[in-house]
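Thank you all for coming; I would like to walk you through one structure today, taking a few places in turn.

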Amino acid sequence: MITIKSHKEIDLMRQAGSIVAKAHCLIEEMIKPGVTTLELDQAVEALIRDAGATPTFKGYSGYPKSICTSVNEEVVHGIPSKRKLCEGDIVSVDIGATFKGYVGDAARTHPVGKISSEADKLIKITRESFFKGIEFAREGYRLSDISNAIQTYVEANGFSIVRDFVGHGVGSKMHEDPPIPNYGQKGRGPRLRAGMTLAIEPMVNVGTYEVRILDDEWTVVTLDGKLSSHYEHSVLITGTGEPELLTVI
Ligand code: MF3
Ligand code: CO
């Protein structure tokens with residue numbers, strides 16, 4: 001069941017989203033060669049708790065840390081560790097914060113120092129595919145119009161869209177209905193209505209879209225070991241046309 005959020009719920013989601021956005025700003029300042037992904041995790045956890053929120057991911061299905069840090073061929077759900085980031089790496093950082101019972105969820109991929117032109121293009125196309133998708137995050141369109149716009153843009157630029165992981169409704173729980181694939185035909189799925197809140201999150205690979213999970217039971221990597229990038233915001237379908245990004249400052 002897809003829930004329609006009240007004005008009060010939406011306001012709490014804006015507050016949760018703003019904390020997530022501030023955490024992403026901190027990450028942007030901290031990322032440089034030599035920093036460990038655990039240092040990023042600890043700094044974000046402190047920021048979230050200081051803001052009166054809790055890190056949504058910590059303890060979720062037994063997940064051990066507060067953020068996900070996925071480096072290079074890692075797609076999503078990389079676990080922060082003593083691994084130092086190196087010049088030329090790309091790192092996807094996914095952050096969730098729960099404030100007064102409501103969740104904000106957003107992800108971004110960053111370059112570490114100077115990166116290859118292919119990596120740079122991958123990050124750019126992934127971000128742009130999100131914005132192509134949300135052109136259809138409006139009342140009257142159907143869910144798969146978003147999915148189709150993302151897939152079409154990514155594939156037109158020579159990259160592939162991950163199938164095995166998808167976006168999701170977000171609200172008092174991190175994962176609510178509907179599941180939101182980043183691929184598929186247009187004109188399918190539920191019609192979008194004002195008050196729906198959706199975490200839209202394209203995961204884009206340089207090579208094959210196929211992925212596998214490492215023995216740590218969390219880290220998702222590309223099957224061919226090529227690079228992957230991730231971009232996500234929690235988005236409100238509004239009554240005025242333009243969707244509202246909830247995970248902004
Ligand atoms: N943003 C991710 C998602 O949409 C975060 C899940 S990580 C987990 O699924 F540890 F919390 F599972
Ligand atoms: Co998400």
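Which residues in helix 3 meet which residues in helix 4? Before I answer, please keep in mind that this is a predicted model, so everything I describe is computed from predicted positions. On the helix 3 side we find Ile-125, Glu-128, Ser-129, Lys-132 and Gly-133, and these meet Ile-146, Ala-149, Ile-150, Tyr-153 and Val-154 on the helix 4 side. Sorted by class, the residues of this contact are six nonpolar, two polar and two charged. As for the geometry, helix 3 covers residues 117–134 and helix 4 covers residues 143–156, and their axes, which come within 8 Å, cross at roughly 145°. The crossing of these two helices is right-handed.

Let me turn to the other helix pair, formed by helix 1, residues 7–30, and helix 2, residues 37–50, whose axes come within 10 Å and cross at roughly 145°. Here, too, the crossing is right-handed. Helix 1 contributes Ile-19, Lys-22, Ala-23, Leu-26, Ile-27 and Met-30 to the contact, while helix 2 contributes Glu-39, Leu-40, Ala-43, Val-44, Leu-47 and Ile-48. In this contact, 10 residues are nonpolar, none is polar and two are charged.

Strand 6 and strand 10, the latter being residues 203–205, run antiparallel and are joined by two bridges. Within that pairing, Ser-160 has Asn-205 of strand 10 as its bridge partner.

Is Asn-72 buried or exposed? Its relative accessibility is 15%, and because buried means under 20%, Asn-72 counts as buried. Leaving aside residues up to four places away in sequence, Asn-72 touches Arg-83, Asp-89, Ile-90, Leu-227 and Ser-228. With one of these, Asp-89, there is a polar contact between the two side chains, at 2.9 Å.

Conventions: Residues are numbered from 1 along each chain as its sequence is written. Chains are lettered from A and ligands numbered from 1 in the order in which they are written. This is a predicted model: local features need pLDDT of at least 70, side-chain atom pairs count only at pLDDT 80 or more; totals for chains, interfaces and linings use all residues. Side-chain values use heavy atoms; hydrogens and water are left out. Axes are lines fitted to C-alpha atoms, for helices over the stretch in contact, and angles run from 0 to 180 degrees between N-to-C directions. Helices (H or I, at least four residues) and strands (E, at least two) are DSSP runs, numbered from the N terminus. A crossing is left-handed if the near helix is turned anticlockwise from the far one by less than a right angle, and right-handed if clockwise. Contact means heavy atoms within 4.5 Å. Ala, Val, Leu, Ile, Met, Phe, Trp, Tyr, Cys and Pro count as nonpolar, Asp, Glu, Lys and Arg as charged, and the others, Gly among them, as polar. Buried means under 20% relative accessible area, exposed over 50%, partly exposed in between (1.4 Å probe, protein chains only). A polar contact is a pair of N or O atoms within 3.5 Å; within protein, one must be able to donate a hydrogen and the other to accept it, and residues adjacent in sequence count only if both atoms are side-chain atoms. Two strands pair if DSSP finds at least two bridges between them.
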